[in-house]
Amino acid sequence: MDPFASPHNLDRELHSFLAEASSNLCYWFAESGSQAPMPDSFDLPEAFPNKKGVSNKVLLNDLQSLMNGSYRPSHPRALAHLDPPPLSASIVGELICAGLNNNLLAEELSPSLTSLERKLCKWFCQKLGLGDLSGGVAASGGSLSNLMALVMARNIAGLENDTSAVFFASEDCHVSFSKSLRIMGLNKESLQQVPTDEKGKLDISYLSSNLKKIKSQGKKCFAVVATAGTTVRGAIDPLFEIAQFCKKEKIWLHVDGAIGGIYGLSAKTSEMVKDLASADSITVNPQKLLGIAKTSSLLLVANKNHLSSTFSTGLPYAESIKGNDFHGGELGIQGTRSAEALKLWIGLRQLGEEGIEKILLDSIKRRCYFESKIDSSRFKIISGPLHLLALTPINYTSSQGSDWSMKMRNTLLVNKFMLSRPLYEDRFYLKAVMGNPNTKFEDLKLLANLINQSIN
Ligand SMILES: *Cc1c(COP(=O)(O)O)cnc(C)c1O
């Protein structure tokens, strides 16, 4: 039994190994609906290698145990997070990607895939309205895309050695920005949080005065972060006004569109995020709504030279690229990179523009339907124009709200609904994300009933 595929003959062992594993995966999908989003319990297979390697049969058995203990994103009532089921083409893309084992570090290790990634990034840039100089790079998740954007913004501002330099983001910005601080050697005060309004959007009226205050303390600002789709309620910051501010003050505008950026792909939804076009950089996470298998995130930039001028170190051990281009490993933090563009490309091709549009519109329809079924005399609902919302009982103290949310999450789990329980401002909410294409209106009606009945 050779653990590597034969480079000479059709490897029958690999052939049947893959066929059987794929078949098991198909059955796993098929039974997902009759299970629950989360398993009640599970047995972990042997975690460590034995002295002798085990057979494919044992491996398939072990795999089955892991699958049985896995979260099931395709369950119609799996609504807790931004983790939809994967597109079938995206699954195939991931498998082929592993087989090819190309490396986006350097062109010579991924000739076709390097080109594909560039073309795809450019396509996204054009869809979102970035200009001729634009380009981008794929990253393993939105946290990394956001970090790279901040490093780039600071570098372009010439403030890479200034540990007192700051950036602005709303109170509801993603936790990845707090993490970025630590990685970038900045202190807590470097993240200047701007208050949000009652809709969860960055309150633009604070920006000017906050910048003045920073300047009076002798500090410099290297970026403003606008969020297009906040994590708890899907609010979109006032992109137009923020862009105007940044232009006037000559400050880098990064838009964290990990959730909302994708809505820029369809003419029917792009109005909500049209001012993405004024950004210097944008994070987009196709993994969060379109069903591209994890991970899939892009960092798009209005001027792609900013990526290379920030991250290029030279790659002395690889042949240089034709023309003046840079290797993938010189456009971001990651060196060796999986060809994640493959599953993105094939997933988008499978959907077509109409399929993409349908996913985006349906997600919003489900949110609107669900929102209309919730008794607004009993619940405070917070949501934006996108596909997520959160709710909490009106008139509860924060500790009553906490008890309610815990009890409710468990009641819902018994009914096979999985929602999440974010802490937002001073209280707990239940949050539902409508990115699961398997969810039916019937499910949502039942969910709303369970919630409405939970308080009298
Ligand atoms: C999820 C999310 C991110 C981070 O993306 P990961 O892929 O989880 O690293 C960043 N910003 C927002 C608004 C998000 O919702």
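The model is predicted, so local features need pLDDT of at least 70 and side-chain atom pairs count only at pLDDT 80 or more, while totals for chains, interfaces and linings use all residues. Residues are numbered from 1 along each chain as its sequence is written, and side-chain values use heavy atoms, with hydrogens and water left out.

Helices (H or I, at least four residues) and strands (E, at least two) are DSSP runs, numbered from the N terminus.

Asp256 places a polar side-chain atom 2.6 Å from a nitrogen atom of the ligand. For Thr231, a polar side-chain atom lies 3.1 Å from a ligand oxygen atom. In the side chain of Lys288, an N or O atom is 2.7 Å from an oxygen atom of the ligand. Taken alone, the ligand exposes 380 Å², and the protein buries 86% of that. Accessible areas come from the Shrake-Rupley method with a 1.4 Å probe; for residues, only the protein chains shown count as cover.

Salt bridges were then counted. A salt bridge is a side-chain nitrogen of Lys or Arg within 4 Å of a carboxyl oxygen of Asp or Glu. The count comes to 16. In one of the salt bridges, Arg77 meets Asp443 at 3.2 Å, N to O. This pair links distant parts of the chain, 366 residues apart. Arg77 sits in the loop between α2 (56-68) and α3, and Asp443 in helix α13 (residues 441-452). Asp443 is buried (under 20% relative accessible area; exposed is over 50%, partly exposed in between; 1.4 Å probe, protein chains only). Its relative accessibility is 11%.

Glu117 forms a salt bridge with Arg337, with the closest N and O atoms 2.9 Å apart. Glu117 lies in helix α4 (residues 111-128), and Arg337 in the loop between α10 (305-311) and α11 (341-373), 220 residues apart. Both Glu117 and Arg337 are buried.

The side chains of Lys215 and Glu249 also meet in a salt bridge (3.5 Å, N to O). Lys215 lies in helix α7 (residues 207-216) and Glu249 in helix α8 (residues 239-249), so the pair ties together parts 34 residues apart in sequence. Glu249 is partly exposed, at 24% relative accessibility. A network of salt bridges links Lys215, Lys248 and Glu249.

The surface carries a nonpolar patch made of Leu14, Leu18, Val92, Leu95, Ile96 and Leu100. Patches are made of residues with over 30% relative accessible area and no salt bridge: like charges are joined within 9 Å, nonpolar side chains (Val, Leu, Ile, Met, Phe, Trp, Tyr) within 5 Å. Together the six residues have about 470 Å² of accessible area. Helices α1 (12-32) and α3 (88-100) each supply at least two of the patch residues. The largest share, four residues, comes from α3. Val92 is in helix α3. Val92 is partly exposed, with a relative accessible area of 43%.

Notes
Polar contact = N/O pair within 3.5 Å; in protein donor to acceptor, adjacent residues only side chain to side chain.
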